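Colleague: I'm new to this one. Could you walk me through a single part, the place where the two chains meet, with a bit of background on either side?

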Amino acid sequence: MTDTHDTEADVVLGEEDAPVADEVQGPEEERRQLHDVWVSGTEERFPFSKATDEGAQEFLPRDEDPALLIQEGIVVDDDYVEAPAVVEEERQIINMGPQHPSTHGVLRLQLELEGETIRRVKPIIGYLHTGMEKTAETLNYAQGSTNVTRMDYLAPFHNELAYSLAVEQLLGIDVPPRADAIRVLMTELNRVSSHLLWAATMGMDIGALSMMIYGWREREVCLDFFEKTTGLRMNHNYIRPGGVAADLPDGWEADIANLISLVNEGVDEYEELLNENPIFLDRTMGVGVILPEECKQYGVTGPIARASGLDWDLRKQTPYCGIDQYEFTVPTGLHGDVHDRYEVRIEEIRQSLGIVLQVVDSMPLGDYRTPDPKVTPPPRKRIDESMEALIHHFKLFTEGIMVPPGTAYQSVEGPRGEVGCYLVSKGGARPWRMHWRAPSFAAVQALPAMMTDSLVADVVAALASTDPVLGDVDR
Amino acid sequence: MTDIERDLDDAAPDAETTDRRLPDHPTIAALLEPIGAATFEVKKNASSDAIYHTMAVPVSEWVGFASSAKDAGFDLFIDLAAVDHYTHAPRFEVALNLVSMTENLRIIVTTRVPYDDPTVPSVTGVFAGANFYEREAYDLFGIDFPGHPDLTRILMPDDWEGYPLRKDYDIGAVPVEFKAGSADL
């Protein structure tokens, strides 16, 4: 990515590396101006500081940066000693991304470095913005879940579930117990597959390369089951308003039993590989710390908040789909560092597998869709027998599901935190407005709180531990 | 612009029900008492017994209400969303979603601002996490948040014109050139 800043960084760097030469010996005023480019408010003086289509190319002045002001007074648990004030010329700005492999997508971080220490971080997003909230306004409620499943592409079931529950909240309908149980089964398996992929990429980012292969291996077992059930490995469009798209396939109990034993075995293997690995511990303990107060301020939920010690899980606080009837515990951490997030997520995999096991044991019989004819199309055979069935079928597929006016907010506990769907209906078959409360959006916003005053090598570890999905951030 | 003005002239008052009583829950009743005329609603989650409260406050009370909500225990910032009601004046709505972790309560506070002055004071001073969300609302709806430290576009490119999630902003499409039916072939 060519970037005016890179060129500029080269200039500054070149100047720094060169022996004290004539051009550096310029008047004090000139050098100050050169530095001002990186601070702010000097568009008229230095053309490189102007905003481009890459986004704003400069930081706010230090005394206006709210993230920095919040950082004031926070002790960072790190093994370096903060150097005394360094002359400002030694600061440089590095653009990390948007194509950096450890950003897991297209996230760009502007890092202001003082030697090896990060003094300021500015996350820049929007590279994957495809206007899904606008698209949703043109799709009817039956088509909507096809759209939302593509937002957080690693947790599609959670997006579908939040959307379907929001629509059901507006419709005022309940789904049969079997649909609820299938929804819990699929979302918990999705949490497992998402955390497995996180473990894989996290391992790769901090140098445990075999972890990468192992994580994908176990995730594949989950995706095989998704494919067998929904027909697709990702973007399932399986959980829909009124229930789920299809019943579970024949022999699903055996598949689940096989999956649980394979994943459990795999997770044991990860722990054997990582838990006492001194390199892994060194790179994760005390790194990327976020305090519980900062989590609340920035809206960070999910495993990151739980690793900071906030005991907050929507499955316990506002249970949905009857998930409160299953026994599970919510793991929390103490330090809020990368290592605690690792432990919380590994334990969440085990707890989710426990829920899945209970669902298998108690799967109720019955319909997997609501019998409401205004929401669920009639079975094919009924169309030949009943005029009403034919009319309902025709209306559903020409107009779509009619939803009364109102506003609904519904959230579920996704693998990355609270996934919320804020749905405004003015009546009719299409939502007036659909807003998504994306957990990764809040997590990316909190990155400065995690990274400021840490070492540049820890950026990758801290970023990987937040598990951002850029499709979810940019929507 | 004339289309919008004509639509706004035809605007009907919002048909949402208004409830002037105070809510049953003591924390939320105490929160709403100073506002007096605020409307509130108790809503139930789907597939669950969980409830949440929605309330509308005037824009002049916006920051003060967020601040007192934070003092009352609603200190987990969840979400800030904007809605364009278009033909229903006042046109824009901003919804703030807060959670009290101690009492396991959720409130959604809304306020409405008109098309000709879409200005909502920023709550970034109360909840630092509103930063990105207000930038998103500014980017996609053109709502101004005075007091925001860095109100720039966040999802769209910096040189983008217009506010895409407004209802009068077309989706746009690349015209398809159909060749099969033309006389040349």
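Modeller: Chain A has 20 helices and eight strands; helices (H or I, at least four residues) and strands (E, at least two) are DSSP runs, numbered from the N terminus. This is a predicted model, where local features need pLDDT of at least 70, side-chain atom pairs count only at pLDDT 80 or more, and totals for chains, interfaces and linings use all residues. Residues are numbered from 1 along each chain as its sequence is written, while chains are lettered from A and ligands numbered from 1 in the order in which they are written.

Now for the part you asked about. On the chain A side, 45 residues are in contact with 37 residues of chain B; contact here has C-beta atoms, placed from the backbone, within 7 Å. Several elements of chain A each supply at least two residues to that side, among them helix 6 (156–171), strand 6 (406–414), strand 8 (433–437) and helix 17 (439–445). Strand 7 of chain A gives the most, with four residues. By class, the side of chain A that touches chain B has 18 nonpolar, 15 polar and 12 charged residues. Ala, Val, Leu, Ile, Met, Phe, Trp, Tyr, Cys and Pro count as nonpolar, Asp, Glu, Lys and Arg as charged, and the others, Gly among them, as polar.

Over in chain B, B:Thr102 sits in the loop between strand 4 (92–100) and strand 5 (105–113). B:Thr102 counts as exposed because it has 12 C-beta neighbours inside 10 Å.

Definitions and conventions: Buried ≥ 20, exposed ≤ 12 C-beta atoms within 10 Å, placed from the backbone. Contact = placed C-beta atoms within 7 Å.
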